[in-house]
Amino acid sequence: MLKVLKSSVSAAILSGLLMSGALAAEVKSIAILTPEEGTDYGWNQQGIDAAKAAGKAAGVEVVVAQGLGYGDVRPTLRELASDGASLLIAHASGYNTSAPEIAKELKVPVAIVDTPNGLEKGLVADYTLSGHQGAYLAGRLAAKMSRAKSVGIVVSGEPPSWNSQSAAFAQGVKAENADVKITYAVIGPAAYSDAAGGKRVTESVIASGADIIFGQGNGSSFGMLQAVETTKAADGGKVYFIDVIGDKSPIDKGFLLSSVVWNIEPVYAAMIADLKADTFGTKHYTIGLQDDSVKLLKTAAIPDNVWAEIQALREDVISGKIKVDPVYDAAAVRALMTSVAQ
């Protein structure tokens with residue numbers, strides 16, 4: 001069943017925009033569609049929170065349609081468009097075919113992910129984001145703190161965003177200590193919400209010797225975290241988890257080492273600005289360390305001296321002293337690993 005929430009700004013703000021005569025008044029509302037609930041401390045929640053924040057700042061209404069699954073969302077897209085949305089944010093790679101179709105059918109702008117070549121002025125923008133700079137730092141952190149000198153990467157699929165972070169994490173591990181083993185495992189081709197699969201695959205990677213897991217998975221990440229909480233490392237000690245996109249600290253039981261946190265608000269704010277300026281669908285959007293739209297989460301599990309070293313590396317990445325280029329090809333990602341679990 002479609003779950004829709006609305007966050008509105010005051011009539012005074014809208015009135016001010018209308019009186020200004022600016023094009024801002026033409027962007028009346030935006031809508032974001034997510035496959036899972038906005039309570040995952042990750043992709044879905046960060047997207048919804050960012051859309052609300054960007055909409056509030058711009059003075060436009062925000063409609064949230066969440067828990068839609070990964071099937072056909074054309075009916076929902078049509079419904080939101082008919083309700084007057086000025087922009088439909090299709091916040092899942094599984095929506096990157098249907099959303100452009102609806103954009104062309106109804107002449108309503110859409111934003112999609114994992115389709116960098118899908119730009120179409122005035123209609124389709126892509127925001128295939130990459131937290132690779134943060135993932136590189138996470139790799140350096142993991143290599144510094146792994147007791148077994150063995151780490152794992154568990155992913156719920158191999159979309160461009162995941163691939164770029166997996167590659168950067170591996171590069172960071174190798175830069176810190178080339179002798180650290182990196183085991184790579186894929187839950188399934190699109191196992192984003194498969195928590196049971198996340199637990200099973202993570203347990204197998206821990207069994208291979210890893211005592212730190214870098215997990216990318218949306219809902220499946222809860223299974224990864226559960227595996228870390230209930231499975232001992234080879235030395236009988238604790239296994240730590242490094243998450244992505246969100247901050248699971250509120251539900252952490254002492255196993256969360258860090259997270260590559262994304263702030264998507266500047267991206268959605270830029271989309272709204274582009275709609276107003278008639279430049280929507282003409283550019284790509286990025287996130288990175290420099291403006292903290294990507295940052296590594298500090299937890300109590302990270303010693304202060306190690307965190308200081310990571311912060312120094314952060315400055316080196318920002319300055320360009322350390323170059324971290326995104327790698328989007330799955331085969332190239334796998335080539336960086338010590339072993340790939342089957």
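Me: How much area is buried between domain 1 and domain 2, and what do carbon and sulfur atoms give?
Reply: About 1600 Å² is buried between domain 1 and domain 2, with 57% of that from carbon and sulfur atoms. Buried area is the accessible area (1.4 Å probe) that two parts lose on being put together, summed over both.

Me: Which three residues of domain 1 supply more of it than any other three?
Reply: Tyr41, Trp43 and Ser130. Together they supply 41% of the area that domain 1 buries against domain 2.

Me: What kind of model is this?
Reply: A predicted one, where local features need pLDDT of at least 70, side-chain atom pairs need 80 or more, and totals for chains, interfaces and linings use all residues. Residues are numbered from 1 along each chain as its sequence is written, and side-chain values use heavy atoms, without hydrogens and water.

Me: Where are the domain bounds?
Reply: Domain 1 is 29-130 + 265-277, and domain 2 is 132-263 + 292-340. The bounds come from an automatic or database domain assignment.

Me: How many residues does each put into the contact?
Reply: Domain 1 gives 16 residues and domain 2 gives 23. Contact means heavy atoms within 4.5 Å.

Me: How many salt bridges cross the interface?
Reply: The rule finds 0 between domain 1 and domain 2. It asks for a side-chain nitrogen of Lys or Arg within 4 Å of a carboxyl oxygen of Asp or Glu.

Me: Which elements give two or more residues to the domain 1 side?
Reply: Helix 2 (43-58) and helix 9 (265-277). Helix 2 has the largest share, 3 residues. Helices here are DSSP runs (H or I, at least four residues), numbered from the N terminus.
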